[in-house]
Amino acid sequence: MQLNDSTLTDQDMFIVVQHAMIDKPYEILDLQSNDITEHGVRILADALQANQVLKILFLHHNRLLDGGIGHLAKALINNTSLEVLELESTGVTDIGAGHL
């Protein structure tokens, strides 16, 4: 599902998760260049723990910061399907990268 450059915010993540990860799970989810922060990515990460369909997730050019990467790292412990995770320009420091 391609939702890049859609001005999505944290509040939109509930709808995105419902449609792209629960109702009709997609293998590719492109959320790059939106207004998603660590709060929105937490919603996504919670769903990612149980999702075993998504293979590619683009999150670059969102302000996820180290906290958001921490949420994703926890989700990836239980997720065995995700093969590609793009995190360029997300405000992550060495601390956040250490979570992965």
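**Figure legends: the chain and its helix α1**

Figure 1. The model shown is predicted. Along its principal axes, the C-alpha trace spans about 35 × 30 × 20 Å.

**Figure 2. The buried face of helix α1.** Helix α1 covers residues 13-23, and M13, V16, V17, A20 and M21 are buried in it. Seen down the axis of α1, these buried residues fall within an arc of 105°, so they line one face of the helix. An α-helix has 3.6 residues a turn, so residues three or four places apart point the same way.

**Figure 3. The two sides of helix α1.** F14 and I15 lie on the other side of α1, where they are exposed. The cover over the buried residues of α1 includes strand β1 (28-30) and helix α2 (38-50).

**Figure 4. Burial and contacts in the chain.** Of the 100 residues of the chain, 43% count as buried. Among contacts between residues at least 6 apart in sequence, 83% join residues at least 24 apart.

**Figure 5. Surface and charged side chains.** The accessible surface of the chain comes to about 5,300 Å², and 52% of this belongs to carbon and sulfur atoms. The chain carries 5 positive and 14 negative side chains. The centres of these two sets lie 6 Å apart.

Notes. Residues are numbered from 1 along each chain as its sequence is written. This is a predicted model: local features need pLDDT of at least 70, side-chain atom pairs count only at pLDDT 80 or more; totals for chains, interfaces and linings use all residues. Side-chain values use heavy atoms; hydrogens and water are left out. Buried means under 20% relative accessible area, exposed over 50%, partly exposed in between (1.4 Å probe, protein chains only). Helices (H or I, at least four residues) and strands (E, at least two) are DSSP runs, numbered from the N terminus. The arc is that of the directions from the helix axis to the C-beta atoms. Contact means heavy atoms within 4.5 Å. Accessible areas come from the Shrake-Rupley method with a 1.4 Å probe; for residues, only the protein chains shown count as cover. Lys and Arg count as positive and Asp and Glu as negative; His and the chain ends are not counted. The place of a charge is taken as NZ of Lys, CZ of Arg, CG of Asp or CD of Glu.
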